[in-house]
Amino acid sequence: MTAAPPAHDNGEQQQQQHALVKRAEDEREDIFKRYELGLDPNNVVDSWENPTFEIYHITDKYGFMHDSRLPSSRDSQEVQRTRIELERDKKWVKMLNHWPPPQEKLHKRVYKGIPDRMRWPAWKQLLNVQHSMDTNAGVYMRMLQMAKQNATETRQIDADVNRQFRDNLAYRERYSVKQCSLFNVLNAYSIYNSELGYCQGMACVAGVLLLYMQEEEAFWALNTLITDRKYGMHGLFIEGFPKLTRFIEHHDRILSKIMRKLHKHFMKHNVDALLYAIKWFFVVFVERVPFSLSLRVWDIFLLDGDRVILAMAVTILYLHKDELLRLKDMDGIIEYLQVKLHKNFGYNDDDAIQALERVMKKLKDLKLDVPPPAKSNEFPTRPLGMFVEADREKKTGRRRDYTDTEKQVLTDVISRQEQNAIEVQSTVSYETSECATVTLTVPEDSHSIRSSLAGTSVASHGSSETMSLEDNNIHLKTANMLQNAPQRELLLGT
């Protein structure tokens, strides 16, 4: 039998654990104090935390800054767009005063685009925010106060707030009003939904909501997006990412049926959907397409739910399939989808949304618009708002070992790649895409799960005796991309 450790050793361990918990509590208290001070001159901000403004010359209507100057005068198209939006403002004011409107009218107007000045009241209606606030009076402030004493994710949230939308005026200055609101919402929600806690993708989602809402409004809007089955984002952020897996599989199923040529091209170059679609699904295309277009997608997502995400993913690939087919390596394809389309999508927003509508109709006709039903693990099982004291590891900020569920994500990618390689070798020729019924005029200029999955042995997912050197390199390259991508907390950073 193994001898029990001396009593004095246990005493030392308990003292060390107590010291770690006390240090974490002091750190949390210090961070909260800095956010409470906000822009107070007495609040100490390191120089590196506040980017300078000198290099920026233009701020767009959404508050994002760019390196190019504004044109000296507005062209006729911009004048026309402004006039149309002013007319839509009037229609939306009237419709919002007689809510709910007929479904057909609402559908038509949302797909035309909610005027930016109307997004605040429109999004609140679509997400039923006022009802949530009325039926949960005082809950948000109670959760925030509890977070000040018990939150275990404060350090990570602080780090993420400091890098979220820093090119937007609302979040530009350290401890600005919106930064403080984002910090508060995320900490309070980590207590309210203790089963989920915090995942970094939530910072981007809440950050978008706060561009149009007040603090408590954004909290309840975030809760609706996470817990309502229409949106079901809980399943994206919870350990194991069950909804991500389900959506990736359905996305592959759609491509294999209606975009076979591109699907086989991706298989040939080992481009797994997990490598490009994570941020599409987690934050509804923010920072992967131009912000104005992502807002249009958000409008439709809030109206029609998560099936919009799958359809928009297919729309992006269809609109850019010719260029994607010209790219002959994994790196080039991923860079095009993750970086280049954000800078230059190649289509104006109206054309892109019209294409999305057509794709949604086609998917519905083919009975592919809705993925297989979600399992129970995609939704909260613990009562919301019920405080659950964290274990000692969480209190000290110590990272736990990665679970088998999380490691399975990488295993699934490699398994899919091996299966794809078999399919590519057994296929002689590409088939023509059935989605060719969608036609648009192409403008002339159109042309990131835990990073520490490194702990998962890549070699263990396949037989090294039967895999070629090239296969090994491909798997290692994919694994490295996943391992160097942001983790469950850092997955969606810029």
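Analyst: Helices here are DSSP runs (H or I, at least four residues) and strands are E runs of at least two, numbered from the N terminus. This is a predicted model: local features need pLDDT of at least 70, side-chain atom pairs count only at pLDDT 80 or more, and totals for chains, interfaces and linings use all residues. Residues are numbered from 1 along each chain as its sequence is written, and side-chain values use heavy atoms, with hydrogens and water left out.

A salt bridge puts a side-chain nitrogen of Lys or Arg within 4 Å of a carboxyl oxygen of Asp or Glu. The structure holds 20 of them.

Start in helix H1 (residues 7–37). Lys33 and Glu29 both lie there, four residues apart, about one turn of the helix. Their closest N and O atoms are 3.4 Å apart. An α-helix has 3.6 residues a turn, so residues three or four places apart point the same way. Buried means under 20% relative accessible area, exposed over 50%, partly exposed in between (1.4 Å probe, protein chains only). Lys33 is partly exposed at 46%. Glu29 is partly exposed too, at 42%.

Next, Lys243 and Asp306 form a salt bridge, 2.6 Å from N to O. This pair links distant parts of the chain, 63 residues apart. Lys243 is in helix H13 (residues 242–258); Asp306 is in the loop between helix H16 (291–304) and helix H17 (307–319). Both residues are buried.

In helix H20 (residues 349–365), Lys361 and Asp365 are four residues apart. Their salt bridge spans 3.3 Å, N to O. Both Lys361 and Asp365 are exposed. Elsewhere, salt bridges with shared partners join Asp30, Arg34, Asp158 and Arg174 into one network.
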